[in-house]
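Hi,

Here is the structure I promised to pass on. Have a look at it first, and then read my notes below.

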Amino acid sequence: MNQAGNSNYRIEKDSMGERQIPVDAYFGIQTLRATENFPISGIKPLSTYVDACLLIKKATAIANGELGCISTEISQAIVQAADEILQGKLREQFVVDIYQAGAGTSHHMNVNEVLANRALEILGTEKGNYQKVNPNDHVNYGQSTNDVIPTAIRIGSLLALEHSLYPALTEAIATLKQKADQFQDIVKSGRTHLQDAVPVRLGEGFRAWAHILSDHHKRITTAEQDLYALGLGGSAAGTGLNTHPQYCDRVAQLLSELVGKPLRPSPHLMAAMQSMSPFVSVSGALRNLAQDLVKISHDLRLMDSGPKTGFKEIQLPPVQPGSSIMPGKYNPVMAEMTSMVCFQVMGYDSAIALAAQAGQLELNVMMPLIAYNLIHSIEILGNTIAVLSKFCLADITAKRDRCLEYAEGSLALVTALNPHIGYLNAAAIAKESLETGKSLREIVLAKGLMNEAELAQVLDLEKMSQLPQTN
């Protein structure tokens, strides 16, 4: 395969002509063309996305071997090559920029070529000898970019959820519940519109966050179920051209076993290949989570603000110096980072929505963008929640005295007097307290509106901040 007199490269041919391929490369001529055509971002395919493609190729090789569509020898070589790469070998061979040919043909052929060339080596043949194992005729038998890539997005998203986001959410929820129990007896001032409000329990604030994240976990697992129906087997346009009659069911069964999810063929392969709605649904659930994570991260920053001129009701653990010029300064960097990641996820969601509606007829050519944005969103959210939990939430401490001081000094305590002295009287007392600096208690007693025993019962911070029991 090497050109005479030069052992540094081999010659490969495609329908457009011949090109020199570095002899050590496992990718081939179509991958080379893609790297030349798309020097866009320098961002290579996500490892999880590569894994998803490899699992598909492993399943299809097994199915096609069982059904007699390719030889057992070639089937086994492709499966061995896929397993080796799944275990970490040859990962540097996946080189096509994420912004590439529509539908993902360039990345798809990158995967086909690497598997073909490694299979050739396994069979004792030199790379590039595609008469023995061909990227199109064998690795891609019965497949098309048009059904492989939407299936890879499904599987890559499921892998990312299972390995990254779900464990991180579970840990964060448990950590927040622990903090809720730890801070349950601490009373602090509530705040609405960033103004004083009735007292609340610090612990219940953390418990509320745990409930919020738990609800998002449920929403995402519900959205995940849309990913189970596969269009794999639809081939080029959903008609199953060039596939064995049993292939569609068998490959879905194999992928279910490999991924550990109840995957199944879509009842209408063409619909599963055309519509990007499952990805929009999952992305929307991620955006929803990101929005609440931003709110939580901003709350943490406010409650930790100071140390002398802010709330300083809690102390976030310092993890690094906070200023290049102000000595001794620490910043809430984990919360700040969380907001940045969440904003990025929201931006990715907008791009996914635009890409999802940009398909025409039998194909959506924007799938590479959807693949990267969706899987990357899942993974960066998972990574973010994991480190936020580990380096921030787990070691938060409370400023008990500061919390109580704000709670006792809040003019909003006058709200508890409404049923006893009326709204207008209560408003007048609040105004007088603000103008004179006198406490609510002083003014109410001076006006003879209530006696000391009644006031003590009504202005009981512990009782006022207790949440009602619900079913």
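The chain of this predicted model averages a pLDDT of 95, and 99% of the residues score at least 70; pLDDT is the predictor's confidence in each residue, from 0 to 100. Over residues 1–5 the pLDDT is below 50, although this stretch has 13 contacts beyond near neighbours in sequence (heavy atoms within 4.5 Å). Where pLDDT is low, the predicted coordinates should not be read in detail.

A word on conventions: residues are numbered from 1 along each chain as its sequence is written. In this predicted model, local features need pLDDT of at least 70 and side-chain atom pairs count only at pLDDT 80 or more, while totals for chains, interfaces and linings use all residues; side-chain values use heavy atoms, leaving out hydrogens and water.

Now the aromatics. Rings of Phe, Tyr and Trp (its six-membered ring) pair if their centres lie within 6.5 Å, with planes under 30 degrees apart counted as stacked, over 60 as edge-to-face and the rest as tilted. The count comes to three aromatic pairs. For F183 and F206, the ring centres are 5.3 Å apart and the planes at 70°, so this pair is edge-to-face. F183 and F206 are both buried (under 20% relative accessible area, 1.4 Å probe, protein chains only), and together with W209 they form one aromatic cluster.

R191 is worth a look too: it lies over the face of F311, 3.9 Å from the ring centre, and its charged end sits over the ring of Y406, 5.4 Å from the centre. The rule asks for CZ of Arg or NZ of Lys within 6 Å of the ring centre and within 35 degrees of the ring normal.

Best wishes

Technical notes: Buried means under 20% relative accessible area, exposed over 50%, partly exposed in between (1.4 Å probe, protein chains only).
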